[in-house]
Amino acid sequence: MTEAATTHSTGDQLAGQRVLVTGGAGFIGRHVTRALVQAGARVIVADKQPGEVPEGGEALAGDLRDPAFREAAVTTGLDGIVHLAAATSVLASMRDPAGVHELNVTATAGLLELARLRDVPRFLLASTNAVVGDVGTATIDETSPLRPLTPYGASKAACEMLLSGYAGAYGMATCALRFTNVYGPGMAHKDSFVPRLMRAARSGETVRVYGDGKQSRDLVNVEDVARGVLTAWTQQAIGPLVIGAGRSVSVLELVRAAREATGTELPVEHIAAQTGEMPAVVVSIARARSLGYEPKVALEDGLAGVWQDFREQGP
Ligand SMILES: NC(=O)c1ccc[n+]([C@@H]2O[C@H](COP(=O)([O-])OP(=O)(O)OC[C@H]3O[C@@H](n4cnc5c(N)ncnc54)[C@H](O)[C@@H]3O)[C@@H](O)[C@H]2O)c1
């Protein structure tokens with residue numbers, strides 16, 4: 001990263017700020033939107049399917065790949081953009097890299113350019129630790145070199161470079177929030193490991209674990225992610241910022257925690273490890289902590305919240 005990872009602590013608050021949240025109807029977006037509204041922001045959700053927005057919010061329905069929709073969404077007078085809309089599946093990105101580029105990179109470049117033209121001073125992007133790729137068991141922080149291993153990771157790394165350029169050339173306050181594995185209520189449409197565990201707990205089926213299950217992951221609760229976004233905004237963070245739990249657990253430990261949370265047996269079947277399966281994801285959240293971010297949701301409590309959500313929805 002060439003951009004300076006600097007911050008300015010001004011005590012800037014969100015009350016009355018106009019914030020465009022792209023993808024605000026998604027899993028993370030709904031929690032972020034709610035947190036922003038609770039902090040007093042005036043939120044506009046731009047999403048393919050915006051659904052219901054919290055009271056005081058506004059909804060814009062459309063496809064962000066469409067330049068006309070981007071024009072309608074990025075208006076003069078916005079205080080900033082929280083850009084969450086994206087193609088989010090790593091596996092799907094391997095099947096359709098060009099499609100991922102169109103949404104994750106081209107649409108992001110379009111939004112940034114409109115932000116520049118319309119004097120929108122702040123741009124926060126949902127990025128991922130996948131921009132760093134496989135570092136073995138080393139700890140990932142904001143200085144880790146970007147070596148993504150999939151079209152999805154590459155698309156987010158490309159966005160980070162664009163943000164860096166707009167910060168450097170135009171003084172836009174851009175920040176790439178590198179989320180780890182996010183979990184929490186509202187993720188039933190996802191195919192990541194936590195919802196797979198919950199579906200298996202609900203149906204009594206066996207859970208498939210790649211390899212020996214000793215690979216470790218950092219799982220961050222979506223409420224903590226929302227806190228991280230608000231911290232980045234209020235502290236005017238610039239540059240990359242790792243938002244995670246700061247604690248990694250093995251897949252087998254995660255299964256054990258899910259057994260506790262669900263009160264079910266959750267039998268495990270080990271299958272051959274996938275190529276590209278990372279041996280570990282261990283991140284440092286020291287920079288986020290220095291800005292006042294502190295993850296609060298313990299894994300066991302967070303999993304209980306997801307389980308309740310799955311049970312309420314039924315099979
Ligand atoms: N969930 C995770 O573990 C995780 C981890 C790292 C980074 N991220 C990033 O966080 C962001 C949010 O992820 P999520 O898990 O909430 O995903 P999600 O799929 O639940 O939400 C994405 C939202 O974007 C909207 N969207 C998709 N394509 C669109 C388009 N062309 N035009 C308008 N809206 C569109 C969808 O309707 C959806 O509401 C993404 O950028 C993702 O890459 C997520």
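Which side chains meet in a salt bridge at 2.8 Å, N to O? They are the side chains of R116 and E113, where a salt bridge means a side-chain nitrogen of Lys or Arg within 4 Å of a carboxyl oxygen of Asp or Glu. The model is predicted, so to speak of local features requires pLDDT of at least 70, side-chain atom pairs count only at pLDDT 80 or more, and totals for chains, interfaces and linings use all residues. Residues are numbered from 1 along each chain as its sequence is written, and side-chain values use heavy atoms, with hydrogens and water left out.R116 and E113 both belong to helix 4 (residues 97-117), where three residues, about one turn of the helix, separate them. Helices here are DSSP runs of H or I with at least four residues, strands are runs of E with at least two, and both are numbered from the N terminus. Side chains of opposite charge can pair when their charged atoms come close. In total, the structure holds eight salt bridges.

R116 also lies over the face of Y170, at 4.9 Å from the ring centre. A charge is taken to sit over a ring if NZ of Lys or CZ of Arg is within 6 Å of the ring centre and within 35 degrees of the ring normal. The charged end of R122 likewise sits over the ring of W233, 4.8 Å from its centre.

Turning to the ligand, 27 residues surround it, and the closest are D47, L84, Y152, K156 and K190; a residue counts if one of its heavy atoms lies within 4 Å of the ligand. By class, this shell has 12 nonpolar, nine polar and six charged residues. Here Ala, Val, Leu, Ile, Met, Phe, Trp, Tyr, Cys and Pro are nonpolar, Asp, Glu, Lys and Arg are charged, and the others, Gly among them, are polar.

A polar side-chain atom of H189 lies 2.8 Å from an oxygen atom of the ligand. Polar backbone atoms take part as well: one of F27 is 2.9 Å from a ligand oxygen, and one of V182 is 3.0 Å from a ligand oxygen. The protein covers 90% of the 830 Å² of accessible area that the ligand has on its own, by the Shrake-Rupley method with a 1.4 Å probe. Two or more residues of the shell come from each of helix 1 (27-38), strand 5 (122-128), helix 5 (151-170) and strand 8 (181-183). Strand 5 gives the most, with three residues.

Conventions:
A polar contact is a pair of N or O atoms within 3.5 Å; within protein, one must be able to donate a hydrogen and the other to accept it, and residues adjacent in sequence count only if both atoms are side-chain atoms.
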